[in-house]
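I opened this entry to keep track of what I looked up. My notes follow in the order I made them.

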Amino acid sequence: MSLPVLHIGNKRLSSWSMRPWLALKKAGIAFTENLIPLDQEDTRERLLALSPAATVPVLETPDGHIWDSLAICEWAAEQTPSLWPEDKGLRARARAITASMHSGFSALRNELGMDLQREHAAIDMSVACWADIETIQTLWAHVKTGEGPYLFGTWSIADAFFTPVATRFETYCVPLSTDADAYVKTLLADPVYKEWHDAARLETWDAPFH
Ligand SMILES: N[C@@H](CCC(=O)N[C@@H](CS)C(=O)NCC(=O)O)C(=O)O
């Protein structure tokens with residue numbers, strides 16, 4: 001049987017693509033990847049050929065094309081349940097904090113775009129962006145079990161969803177609480193994330209067409 005194909009955007013920029021890529025790697029699910037350069041003349045056409053949402057990531061499986069980062073992570077978790085915490089209560093909290101990231105923090109996402117080739121420097125941020133940063137740290141402190149370096153002890157999909165946030169905090173030199181800073185360092189030191197990061201650093205990217 002052919003391997004699933006994960007269609008992703010540029011590793012340098014595509015924070016949504018990073019999340020299921022990390023989850024599939026952590027789950028040990030074999031897949032091939034296909035990078036669709038973002039912001040090119042043919043990007044939309046190529047994305048529409050994969051999914052009506054016209055976004056990446058998309059996972060191409062024998063069961064069909066799955067679009068959306070969270071849906072792909074859930075597909076992976078059906079095969080590898082350890083991608084979510086084993087305890088039912090912790091699993092619900094992990095899903096809740098993941099959903100918060102998936103649906104929220106638009107000021108942070110808009111103002112602190114993920115760019116793994118950008119020089120690290122602070123930039124001016126809106127009040128809404130500072131509020132997002134505060135809320136994220138409060139959420140982390142609220143759920144963290146203290147039993148391991150990750151939010152729920154061992155690595156879970158919740159950590160996949162916050163790894164791109166960690167890169168933004170690093171790139172834009174965001175001041176953090178001691179605990180949040182330690183968690184960010186843990187995420188950025190993860191060998192699977194480093195594999196993505198190293199590839200992102202080597203990427204070339206043609207100037208956007210519009
Ligand atoms: N909610 C979606 C968001 C996906 C998304 O917005 N992806 C961006 C790239 S990171 C995209 O494909 N944008 C379309 C484009 O650049 O043309 C998900 O979780 O997968």
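**Entry 1: a buried arginine**

I began with Arg 12, which counts as buried at 17% relative accessibility. Buried means under 20% relative accessible area, exposed over 50%, and partly exposed in between (1.4 Å probe, protein chains only). I noted that this is a predicted model, where local features need pLDDT of at least 70, side-chain atom pairs count only at pLDDT 80 or more, and totals for chains, interfaces and linings use all residues. Residues are numbered from 1 along each chain as its sequence is written, and side-chain values use heavy atoms, with hydrogens and water left out.

Which residue forms a salt bridge with Arg 12? I found Asp 115, with the closest N and O atoms 2.7 Å apart. A salt bridge here is a side-chain nitrogen of Lys or Arg within 4 Å of a carboxyl oxygen of Asp or Glu. The pair links distant parts of the chain, 103 residues apart. Arg 12 sits in the loop between strand 1 and helix 1, and Asp 115 in the loop between helix 5 (106-111) and helix 6 (127-143). Helices (H or I, at least four residues) and strands (E, at least two) are DSSP runs, numbered from the N terminus. Asp 115 is buried too, with a relative accessible area of 13%.

**Entry 2: other salt bridges**

I checked the count: six salt bridges by this rule. Side chains of opposite charge can pair when their charged atoms come close.

I looked at Asp 190 next. Asp 190 forms a salt bridge with Lys 26, the closest N and O atoms being 2.6 Å apart. Asp 190 lies in the loop between helix 8 (178-189) and helix 9 (191-202), and Lys 26 in helix 1, so the pair ties together parts that are 164 residues apart in sequence. Asp 190 is buried at 5% relative accessibility, while Lys 26 is partly exposed at 31%.

Then I took Arg 95 and Glu 74. Their side chains meet in a salt bridge (3.1 Å, N to O). This pair also links distant parts of the chain, with Arg 95 in helix 4 and Glu 74 in helix 3, 21 residues apart. Arg 95 is partly exposed, with a relative accessible area of 36%. Glu 74 is partly exposed as well, at 25%.

**Entry 3: the ligand**

Which residues are around the ligand? I listed Ser 14, Trp 16, Leu 38, Leu 47, Ala 54, Thr 55, Val 56, Pro 57, Asp 68, Ser 69 and His 102. To be near, a residue needs one of its heavy atoms within 4 Å. This shell divides into six nonpolar, four polar and one charged. Ala, Val, Leu, Ile, Met, Phe, Trp, Tyr, Cys and Pro count as nonpolar, Asp, Glu, Lys and Arg as charged, and the others, Gly among them, as polar.

A backbone N or O atom of Val 56 lies 2.8 Å from a ligand nitrogen. The side chain of Asp 68 has an N or O atom 3.2 Å from a nitrogen of the ligand. The side chain of His 102 has one 3.2 Å from a ligand oxygen. The protein covers 71% of the 510 Å² of accessible area that the ligand has on its own. Areas come from the Shrake-Rupley method with a 1.4 Å probe; for residues, only the protein chains shown count as cover.

Two backbone details belong here. A cis peptide bond joins Val 56 and Pro 57, with omega about 10 degrees. Phi of Asp 68 is near 85 degrees, a positive value in a residue other than glycine.

**Entry 4: helix 3**

Asp 68 is found in the loop between strand 4 and helix 3. At the start of helix 3, a side-chain oxygen of Asp 68 reaches to within 3.0 Å of the backbone nitrogen of Leu 70. Within helix 3 (residues 69-79), I found Ser 69, Leu 70, Ile 72, Cys 73, Trp 75, Ala 76 and Ala 77 buried. These buried residues pack against several elements, including helix 1 (15-27), helix 4 (88-103) and helix 7 (157-171). Contact means heavy atoms within 4.5 Å.

**Entry 5: Asn 10**

I ended with Asn 10, placed in the loop between strand 1 and helix 1. Asn 10 is buried, at 3% relative accessibility. Its side chain reaches the backbone nitrogen of Leu 38 at 2.7 Å.

How values were computed:
Polar contact = N/O pair within 3.5 Å; in protein donor to acceptor, adjacent residues only side chain to side chain.
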